[in-house]
Amino acid sequence: MNGSYPDTTMTQTTITLPAPAKLNLFLHINGRRPDGYHELQTLFQFLDRCDTLQFTVTEEDKIEIAPAIEGVDLQDNLIYKAAMLLKPHRKVTKGIRITLDKVLPMGGGLGGGSSDAATTLVALNTLWQCQQSTAQLMRLGLVLGADVPVFVNGQAAWAEGVGEILTPAKPAEPWYIVVTPNCHVNTGEIFSHQRLTRDTPKLKIAPALEGDVKNYRNDCENIVSELYPEVKQALEALNQFGNSRLTGTGACIFAAFDTKEKAESAFSKLPKSIKGFISKGLNSSPLLC
Ligand SMILES: C[C@@](CO)(OP(=O)(O)O)[C@H](O)COP(=O)(O)OP(=O)(O)OC[C@H]1O[C@@H](n2ccc(N)nc2=O)[C@H](O)[C@@H]1O
Ligand SMILES: Nc1ncnc2c1ncn2[C@@H]1O[C@H](COP(=O)(O)OP(=O)(O)O)[C@@H](O)[C@H]1O
């Protein structure tokens, strides 16, 4: 099937699905709402780097997740939260066993937790026969985090509001070096920082979709590199080879290259202390097949 979720039959009891990373190709903060959340404009694109989740329907009415994520209680695991959100919509009284192969760094601005949650919503919608539309799953997902709807929808998107008003976009699909500094950035800490730039004028959609993303920036970058020296160092190192930028609230940074070979060549010249990976930008999520 092209452009839709995997076709699973009623008799199928196990499915394995990817949960891709995302990049914010730019991130502008336009203001703060009375509830404290920030109005932003951003361009989301997926990467071919993914966590993998295997879902097996069980007779026992229980949600099991293995392995546990270090430092995250089961009740706080976004996979568990997604399953609990969908449970009232089940048409079958079955449980689920979920096996997680975690590849994406946590708190890195790559949206791994949100993506795991979105993949869980999509998988359980089928396996538990919840009959929710994509729009309904996106609305449910927003309760879990501002980034979940874009992962459920599976298309690169220009996002506004708090990140939930989505317009499909087709930016170029280059190869990226993604550097993964060894630190977790707390999204709430960055958004509540006194000196965060919150007054970037709103862009009209058209220039942002058609223009070169190099013309735009990430408004969190200065504060994050001030608070996290590892991020500053990584930005400086990668800037020698391309225009490096923070994704989301960090800590990961990225730079785009025309070809895989150019990305690999630049990556090999980075100091050995700089860790990361090379990945392809995708406008269609690997969750869609
Ligand atoms: C800003 C982005 C861009 O992708 O950063 P990353 O998390 O990916 O780095 C995301 O939208 C983040 O989404 P997510 O990580 O799901 O954040 P949430 O759980 O919804 O919010 C965490 C906290 O960040 C603040 N927050 C988040 C989003 C937003 N538009 N305004 C905010 O002020 C709020 O204080 C909130 O309590
Ligand atoms: N399944 C999950 N995978 C990753 N993080 C999770 C998960 N469930 C809960 N979390 C929590 O969500 C936080 C943000 O995770 P993540 O989405 O990876 O980062 P970011 O929002 O910076 O892209 C983590 O630091 C962790 O405490």
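**View 1. Contacts of G108.** Leaving out residues up to four places away in sequence, G108 touches T180, A251 and C252. Two residues are in contact if their C-beta atoms, placed from the backbone, lie within 7 Å. The model shown here is predicted; local features need pLDDT of at least 70, side-chain atom pairs count only at pLDDT 80 or more, and totals for chains, interfaces and linings use all residues. Residues are numbered from 1 along each chain as its sequence is written, while chains are lettered from A and ligands numbered from 1 in the order in which they are written. G108 sits in the loop between β4 (95–101) and α2 (112–127). Helices (H or I, at least four residues) and strands (E, at least two) are DSSP runs, numbered from the N terminus. G108 is buried, because 24 other C-beta atoms lie within 10 Å. The cut-offs are these: 20 or more other C-beta atoms within 10 Å of a residue's own make it buried, 12 or fewer make it exposed, and a count in between makes it partly exposed, with C-beta atoms placed from the backbone.

**View 2. G109 and the annotated binding site.** G109 also belongs to the loop between β4 and α2. It has 30 C-beta neighbours inside 10 Å and therefore counts as buried. Apart from residues up to four places away in sequence, G109 touches V185, L246, T247, G248, T249, G250, A251 and C252. An unreviewed UniProt entry gives the annotation "binding site" to P105, M106, G107, G108, G109, L110, G111, G112, G113, S114 and S115. UniProt positions are given in the numbering used here, feature names are shortened, and annotations may be inferred rather than shown by experiment.

**View 3. Helix α2.** Of the 16 residues of α2, 15 are buried, so this helix is largely enclosed by the rest of the structure. At 1.5 Å a residue, its 16 residues should span 22 Å, and the end C-alpha atoms are 22 Å apart, which agrees. The expected span of a helix is 1.5 Å times one less than its number of residues. An α-helix has 3.6 residues a turn, so residues three or four places apart point the same way. Just after α2, Q129 takes a positive phi of about 50°.

**View 4. The shell around ligand 2.** Ligand 2 is surrounded by 19 residues, and the closest are L78, G107, G112, G113 and D116. A residue is near a molecule or strand if its C-beta atom, placed from the backbone, lies within 6 Å of it. Helices α1 (78–86) and α2 each supply at least two residues of this shell. The most comes from α2, with 4 residues. By type, the shell around ligand 2 has 6 nonpolar, 11 polar and 2 charged residues. Ala, Val, Leu, Ile, Met, Phe, Trp, Tyr, Cys and Pro count as nonpolar, Asp, Glu, Lys and Arg as charged, and the others, Gly among them, as polar.

**View 5. The shell around ligand 1.** Ligand 1 has 20 residues around it; H38, G145, V162, F191 and G248 are the closest. At least two residues of the shell come from each of β1 (14–32), β2 (38–58) and α5 (187–191). The shell around ligand 1 divides into 13 polar, 6 nonpolar and 1 charged.

**View 6. Strand β2 and its partners.** Strands β1 and β2 pair in the antiparallel sense over 15 bridges. Two strands pair if DSSP finds at least two bridges between them. These two strands form a hairpin with 5 residues between them, and G36 in the turn has a positive phi of about 95°. The bridge partner of K22 is F46 in β2. Strand β2 also pairs antiparallel with β4 over 7 bridges, where F55 stands opposite I98. Strand β5 (residues 157–160) runs antiparallel to β2 and is joined to it by 3 bridges; T42 has A159 in β5 as its bridge partner. A further 2 bridges join β2 to the antiparallel strand β10 (residues 276–282).

**View 7. G281 in strand β10.** G281 stands opposite L47. It counts as buried because it has 20 C-beta neighbours inside 10 Å. Residues up to four places away in sequence aside, G281 touches Q45, L47, E173, P174 and Y176. G281 and T119 are 162 residues apart in sequence and 19 Å apart in space, C-alpha to C-alpha.
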